[in-house]
Amino acid sequence: MEDIKAYIESGILELYVLGDVSHEEKLEVEAMAAKHPAIKAELEAIERSLQMYAEANAVEPAENLKGKILNSLVTNLADDRIFGVKQEDKPEAKIIPMQGDRRVTIYKYAFAACFVLLIVSVVALVNAYRQIDQSNNQIAALQSQNQKIANTVSLKDSEIGVLRDASFKMMHLAGMKKSPASALTVAWSPVNKKVWIDMATAKMPANDKDHQYQLWALVKGKPVDLGVFDADTTSKDMKEMKSVEYADAFAVTLEPRGGSPTPHLDDLMVMGK
Amino acid sequence: MAKKHKISLSEEELIRALRNREKIAAEALYDMYSASLYGVISRIVVDTAIAEDVLQDTFVKIWNSFAGYSAEKGRLFTWMVNIARNLAIDKIRSKDFKNQGKNQELENNVDFIDEQRNSVYKPELLGLKDLVDTLKPEQKSILDLVYFKGYTHVEAADELGVPLGTIKTRLRMAIVQLRKYFN
């Protein structure tokens, strides 16, 4: 009994209650308390007095704290399968629809984004197509214009060639009885065997669409076809006709469109040499 | 207390309800012990927001590790107040807390808190003055260091500059005085 009293008075029990003992001391105190009711009673008295001391020094926490803390415990309940009985029916029932919802929302946004993208793409495509079409038309127009200019340049080149070439003879055909006011200039190069007529200075009455003028060369008394032309008052160009090596004279008759194998001398318009 | 309906159970009922993890146990636990536990916590952790966090942590830990409590080894409150004290000490010794510069010299806390919160003492404890008078100053200082500031008795001996044996004796005598007072 002396031992027990000394043990109690050592102060170890107070330290035990205050949690201020080593693990070995703790086991020792618990063993002693189990063995000796006096020690157990002493421990209880210490605990009770310290609890009352704490109550005497209590500080009320803020009122809103209660709800917050109880909520955190209840949340813990749910997390830690506490309300075991109720937990067992469909533990994941709430999770599945939420995931579904989220997925649907994602698809919704994804679909909307795709749709917007599609519309933007189509508009851009249509615009691009229009621009390409426009550009193609412009290119075609420019090409044809370019071709026209090239043709004109080449024609002008030929015309200049006629004027430069000393071998060309300028022959002025004068109007005949049927059309005394008519006139036509023919340039002929026996060396190059080339014949041109100058539309700029031509004075020929306008022909209808069923008839054309036909140029003839008189070769040793026989007419030779040199091709047909229309009286075009707007043209300032020279026109190349069929070639001829030798000619005594040149004449123009009005013939049915496309020309005739032999001239109708009734319709002799101009002639000269 | 007239102002609010509070749940109160006997310790045995509360322990049974806590074991069964009944919801009412959580509320009873809070109503019965939050003020006493907060009294300890708020003397160690001065910052109110942090002290409230520690109180919450304390209840969560009590709730979650209740299986670790054995009634044979002692009173429920003893087990709980040690949890609260340890969590509070962990908090003020954590790097986090120190970096915030919110720690104060421990020895100033009790007086500081008591000055600040005299008004919240329970009205039925008007005899507190008597209680304080019951303890000799050297008894009160050692008891408060260990009980309310979380000092170990070795640290307290160091702090007060008295031998370990003396600390143990004074601590025991202080508690003996309390027992006499409360009986």
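Predicted model: local features only at pLDDT ≥ 70, side-chain atom pairs only at ≥ 80, totals over all residues.
## Helix contact in chain B

On the α1(B) side, the residues are B:L14, B:A17 and B:L18. They meet B:I24, B:A25, B:A28 and B:L29 of α2(B). The make-up of this contact is 7 nonpolar residues, with no polar and no charged ones.

How do the two axes cross? Helix α1 of chain B covers residues 11–19, and helix α2 of chain B covers residues 23–44. Their axes come within 8 Å and cross at roughly 135°. The crossing of α1(B) and α2(B) is left-handed.

## Where chain B meets chain A

The two chains also touch each other. Chain B brings 44 residues to the contact, and chain A brings 39 residues. On the chain B side, several helices supply at least two residues each. They are α2, α3 (48–64), α4 (76–93), α7 (128–134), α8 (137–148) and α10 (164–182).

Which helix gives the most to this side of chain B? It is α2(B), with 11 residues. The chain B side as a whole divides into 21 nonpolar, 12 polar and 11 charged residues. The contact of α1(B) with α2(B), by comparison, has no polar and no charged residues.

## Chain A as a whole

Chain A has both kinds of secondary structure: 7 helices and 8 strands. The chain has 273 residues, and buried residues make up 25% of them.

What share of the contacts in chain A join residues at least 24 apart? Among contacts between residues at least 6 apart in sequence, the figure is 58%.

## Strand β8 and its two partners

Strand β8 of chain A spans residues 268–272. One partner is strand β1 of chain A, residues 169–175. These two pair in the antiparallel sense over 2 bridges. A:G175 has A:V270 in β8(A) as its bridge partner.

The other partner is strand β7 of chain A, residues 249–256. Strand β7 and β8(A) also pair in the antiparallel sense, over 4 bridges. Here A:F250 has A:G272 in β8(A) as its bridge partner.

Definitions and conventions
Residues numbered from 1 in each chain as written. Chains lettered and ligands numbered in written order. Axes fitted to C-alpha atoms, helices over the stretch in contact; angles between N-to-C directions. Left-handed = near helix turned anticlockwise from the far one by under 90°. Contact = placed C-beta atoms within 7 Å. Nonpolar A, V, L, I, M, F, W, Y, C, P; charged D, E, K, R; others polar. Pairing = 2+ DSSP bridges. Buried ≥ 20, exposed ≤ 12 C-beta atoms within 10 Å, placed from the backbone.
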